[in-house]
Amino acid sequence: DVPALQSVSCGFDTDAPRFSSCLVFSSQQLAQKLGTDLEHLEQLAVQGRSQGNRVVSVTAGEQSWSGREVRELLGLNSANFEFVKEGDNWLFTVLGFGHGVGLCQYGAKGMAEAGYSAQEILCHYYRCVEVAQQIYSGN
């Protein structure tokens, strides 16, 4: 809920080496990683997304996980993921890398190459902040 730490659109991050990824898990693998059984796995569904399109929660039967928990349990690059079941496999498509809050290194590089100033870049990624110059006094 900190205004400066909200997810913002980037627009320059698609050249990042890990911008998109795809992982495939068998039903058995996925059930094991999530700690559920195959019957409940069939009910796997996203229950909400953040403003930055990160998965907020996932449920399977009575079990639920945060998007971050699923990301960590499955080794996904981001909580901005979608999944689909194809036969006995689950295909996870992931966009982005990281938590989606703060400065995107590839985005900042792209903005700089497009002519944005350091102050403009910082103010884009950290809304509601004021950039000021502080002179080091040596103390």
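Below is a chat about the cores, helices, salt bridges and surface of a predicted model.

Me: What kind of model is this, and what pLDDT do local features need?
Reply: The model is predicted, so to speak of local features takes pLDDT of at least 70, side-chain atom pairs count only at pLDDT 80 or more, and totals for chains, interfaces and linings use all residues. Residues are numbered from 1 along each chain as its sequence is written, and side-chain values use heavy atoms, with hydrogens and water left out.

Me: Which residues touch the most other members in the largest nonpolar core?
Reply: That core has 19 residues, and those touching the most other members are Leu-30, Leu-34, Leu-44, Val-70, Leu-74, Phe-81 and Phe-92. A nonpolar core is a set of buried Ala, Val, Leu, Ile, Met, Phe, Trp, Tyr and Cys residues joined through side-chain atoms within 4.5 Å. Buried means under 20% relative accessible area, exposed means over 50%, and partly exposed is in between (1.4 Å probe, protein chains only).

Me: Which helices and strands each supply at least two residues of this core?
Reply: Helix 1 (27-34), strand 3 (55-60), helix 3 (67-74), strand 5 (81-86) and strand 6 (89-95). Helices (H or I, at least four residues) and strands (E, at least two) are DSSP runs, numbered from the N terminus.

Me: And which residues is Leu-74 in contact with?
Reply: Leaving aside neighbours within four places in sequence, Leu-74 is in contact with Leu-23, Phe-25, Leu-30, Lys-33, Leu-34 and Phe-92. Contact means heavy atoms within 4.5 Å.

Me: What other core lies apart from it?
Reply: Another core, of 5 residues, which include Cys-10, Ala-108, Ile-121 and Tyr-125.

Me: What follows helix 1?
Reply: Gly-35, with a positive phi near 70°. Asp-37 is in the loop between helix 1 and helix 2, and counts as partly exposed at 36% relative accessibility.

Me: Now helix 3. Which residues are buried?
Reply: Gly-67, Val-70 and Leu-74. These cover an arc of only 60° around the axis, which puts them on the same side of helix 3. They pack against strand 1, helix 1, strand 3, strand 4, strand 5 and strand 6.

Me: What is exposed on the other side of helix 3?
Reply: Arg-68 and Glu-72 are exposed there. Their side chains meet in a salt bridge (3.0 Å, N to O). Arg-68 and Glu-72 are 4 residues apart in helix 3, about one turn of the helix.

Me: How many salt bridges does the structure hold?
Reply: There are 3. A salt bridge is a side-chain nitrogen of Lys or Arg within 4 Å of a carboxyl oxygen of Asp or Glu.

Me: Which one links distant parts of the chain?
Reply: Lys-85 and Glu-42, whose side chains meet at 2.8 Å, N to O. Lys-85 is in strand 5 and Glu-42 is in the loop between helix 2 and strand 2 (45-49), 43 residues apart. Lys-85 is partly exposed at 32% relative accessibility, and Glu-42 is partly exposed at 47%.

Me: Where do Lys-109 and Glu-113 sit?
Reply: Both are in helix 4 (residues 105-113), and being 4 residues apart they are separated by about one helical turn.

Me: Last topic, the surface. Which residues form a nonpolar patch?
Reply: Leu-103, Leu-122, Val-129 and Val-131 form one, with about 250 Å² of accessible area together. Patches are made of residues with over 30% relative accessible area and no salt bridge, where like charges are joined within 9 Å and nonpolar side chains (Val, Leu, Ile, Met, Phe, Trp, Tyr) within 5 Å. Accessible areas come from the Shrake-Rupley method with a 1.4 Å probe, and for residues only the protein chains shown count as cover.

Me: Is Val-131 buried or partly exposed?
Reply: Val-131 is partly exposed, at a relative accessible area of 32%. Val-131 is in the segment after helix 5 (118-125).

Key
The arc is that of the directions from the helix axis to the C-beta atoms.
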